[in-house]
Amino acid sequence: MKKDLILCIIVFCAACITAGAQTDRMSLEEKAKCVVGWKREFFPDTNKGVCARTVPFPEYGIPTIALADGTSGLRLSRRESDRSTAFPANIALASSWDTALSREVGAAAGYEARGYNINVLLAPGVNIMRNPLCGRNFEYFSEDPVITGKMGAAYVAGVQSNGVATSVKHFSCNNQETNRSHVNTMVSERALREIYLRGFEICVKESSPWTVMTSYNDLNGVPMQENWRVISGILRNEWGFDGLCMTDWSISKHNTAAQLHAGNDLYMPGCDDQVEDIIKGVNDGTIDIEDLNRACRNVVKLGQRCYFTTPGQAPDLNLGAAVSRKAACESAVLLENRGMLPLPAGGSAAVFGVRSYDLVATGNGSAYVTCAHISQINEALKEAGTAVDAKLEDLYKKYVSFARADFDYNEKSDISIGKPLLPELEISRKLVEAAAESNDYALITLGRTSNEGEDRVLEGDYYLNDTEKNLIKDVCELFHAKGKKVVVVLNICGIIEMQSWKDMPDAILNAWLPGQEGGAAICDLLSGRKNPCGKLAVSIPVDYFDLPSAYDFPYDQPKQGRNRDFTEYKEGIYVGYRYFCTKDLKLSYPFGYGLSYTTFDYSGLRVKAGSSKVSVSVTVTNSGSVAGKEAVGVYVSAPAGGLDKPAWELKAFAKTGELQPGESETVRMEIPASWLASYDEAAATWKRARGKYKLRIGPDVTSPAIVSGFNGK
Ligand code: BGC
């Protein structure tokens, strides 16, 4: 282990020295070209969905680096030969609360990237879900920075184990898509540090990503890409980031000199004007040559860190498919189960909802993956021996193929950007009545997708539309009248309103955007072949307007002004459950919530508070009758110490392995003492309060399995 570390340090130092030596010999023009990316248009024959490349300099041994999206697997072109695995979106993956799984998914995505000669995978997204309507929430992990950072760091480690770089994005405070290139995010220093930067910080400190992508938005009046204080001051100097910073794909040119000086090393996707700006700037003294040298060295260093292959065989996609199915099973959250699940073997199902036949595997935009197949719920049910109502199946399948022919867009584009959601189909009560007569139970799938560049809306998206409301109402009413049960499967990119309908069906399984194996995974869970073990990494409020950020978010799609030109994060650190717990508000489902087919007992809690960390261990026993896994969260309530504090904050978590009935496992978790501190803006420093710290242990923040405490010095 020690030997490996020494070897790493030697290789790394050698890379820095050779990076310097290589760039020393370059002319000013070569240096300028080295830090400006090449657009896709310039290399059509090698384009497989590559978003951009760097310029090669063979005379100095500097290769071209290929960069591709995305956050749910590798995004390639639409060509038949360019297929890759769609994994569950990060919003799903986070619900597994399993960092080992996140690493495994990252490793599988990195393996495919490497197989296709991609050197940088533009993932993971680690922005905070400040508001559920953000169009890219599905690419992010959570409303909480610790789960975001830990899952993100594990993903980074997995991808990079293949010699493929990650690009942790979008740094930072890119929490809405409306006017994303220009909106001025106004956030307090405390919230910035404790909430919005912490996930990035954990990724950097725990997994050393080789690149970070700076975001489009302004931060407190300064364009993020020109923000020296955050990019160089915090990311590089405070946290010790030693990789490359690239700009997010700016369509129009910004202030080239300021972007470089702030700490960006690579302009993406790059344009000729930027090369000219750099040459001119260095010549007239507005650009410091040392900034350019740094950027150049970092590009060269990135090339040295990445693994390059010669074009060979495409990767084996069966490996990704197996990981994707496992991840989808572990990520789904069972929200309700009133004696319905697991379903008995065989039987007949009336399968409603377009998404039962046309699953949304991934979200749209740069996260969209063109996978080889998508496992559909109706097909998976049949494969498992369930008789699916043929009349309904025929109706829905005809609708899907007819509507898709009309609806698919961007088929001609060389790069995949996604599929729009087909509108839900209206089903007459007569048809539902007939289905209730002839089937054992009903399954309804409801779906949502979203896209980068725009946010979700309230009507018909966050709130169910009338067709969906009627479908749930009619199916529940008519099946219940016959003494038959109804399960709703959610295939969603982000949370939706549930309070008004969640008591109608007998069971609700939230599968999120589960990736290409979604149908099979959902059936594994419904049938009990797998036991649900996902827990929400986001709160589901009773209503949208209970959210602390509700009015400071573009929910009504403003054309200008507030929430378009600027968005004030007035809630400060009170994001998600930090707000709901502090205000003691009722929720539809709290952070950490999720049911299982078994039960778990907690015992033997040990808490040891040292000067550098607090160690927590607890024994979890499967007290039910089927095998299962349990996610364990450690929530801390800190003494105020002069600053206001959220009632509870997640500071550590772990997941047990699969426990057989009666089996126990002791999970060990550590909280770095520095995470107990709050950022004191007046003193511009972190402060740890002395006194009694309370602890809640268990998955769900509102109803913990065990409570305790320790004295903080
Ligand atoms: C997105 C990035 C993405 C890049 C390249 C940008 O519009 O914000 O997340 O990596 O495009 O496709």
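Helices (H or I, at least four residues) and strands (E, at least two) are DSSP runs, numbered from the N terminus. The model is predicted: local features need pLDDT of at least 70, side-chain atom pairs count only at pLDDT 80 or more, and totals for chains, interfaces and linings use all residues. Residues are numbered from 1 along each chain as its sequence is written, and side-chain values use heavy atoms, with hydrogens and water left out.

**Exercise 1. Determine how far helix H7 is enclosed, what covers its buried residues and what follows the helix.**

Step 1. Buried means under 20% relative accessible area, exposed over 50%, and partly exposed in between (1.4 Å probe, protein chains only).

Step 2. Helix H7 spans residues 198-207, and eight of its 10 residues are buried, so the helix is largely enclosed by the rest of the structure. The buried residues are Arg198, Gly199, Phe200, Glu201, Ile202, Cys203, Val204 and Ser207.

Step 3. The cover over these buried residues includes helices H5 (145-160), H6 and H8, together with strands S5 (165-171) and S26 (685-687). Contact here means heavy atoms within 4.5 Å.

Step 4. After H7 comes Ser208, with a positive phi near 40°.

**Exercise 2. Describe the packing of helix H6 against helix H8.**

Step 1. Axes are lines fitted to C-alpha atoms, for helices over the stretch in contact, and angles run from 0 to 180 degrees between N-to-C directions. H6 (residues 189-196) and H8 (residues 228-238) pack at an angle of about 50°, and their axes are 14 Å apart.

Step 2. H6 is therefore oblique to H8. Angles under 35 degrees count as roughly parallel, over 145 as roughly antiparallel, 65 to 115 as roughly perpendicular and the rest as oblique.

Step 3. On the H6 side, Glu189, Leu192 and Arg193 make the contact; on the H8 side, Arg229, Ile234 and Glu238 do.

Step 4. By class, the residues of this contact are two nonpolar, no polar and four charged. Ala, Val, Leu, Ile, Met, Phe, Trp, Tyr, Cys and Pro count as nonpolar, Asp, Glu, Lys and Arg as charged, and the others, Gly among them, as polar.

**Exercise 3. Characterise the surroundings of Asn298.**

Step 1. Asn298 lies in helix H11 (residues 289-305).

Step 2. Its relative accessibility is 10%, so Asn298 counts as buried.

Step 3. Not counting residues up to four places away in sequence, Asn298 touches Arg236, Gly243, Leu244 and Asp265.

Step 4. Asn298 and Trp210 are 88 residues apart in sequence, and their C-alpha atoms are 9.6 Å apart in space.
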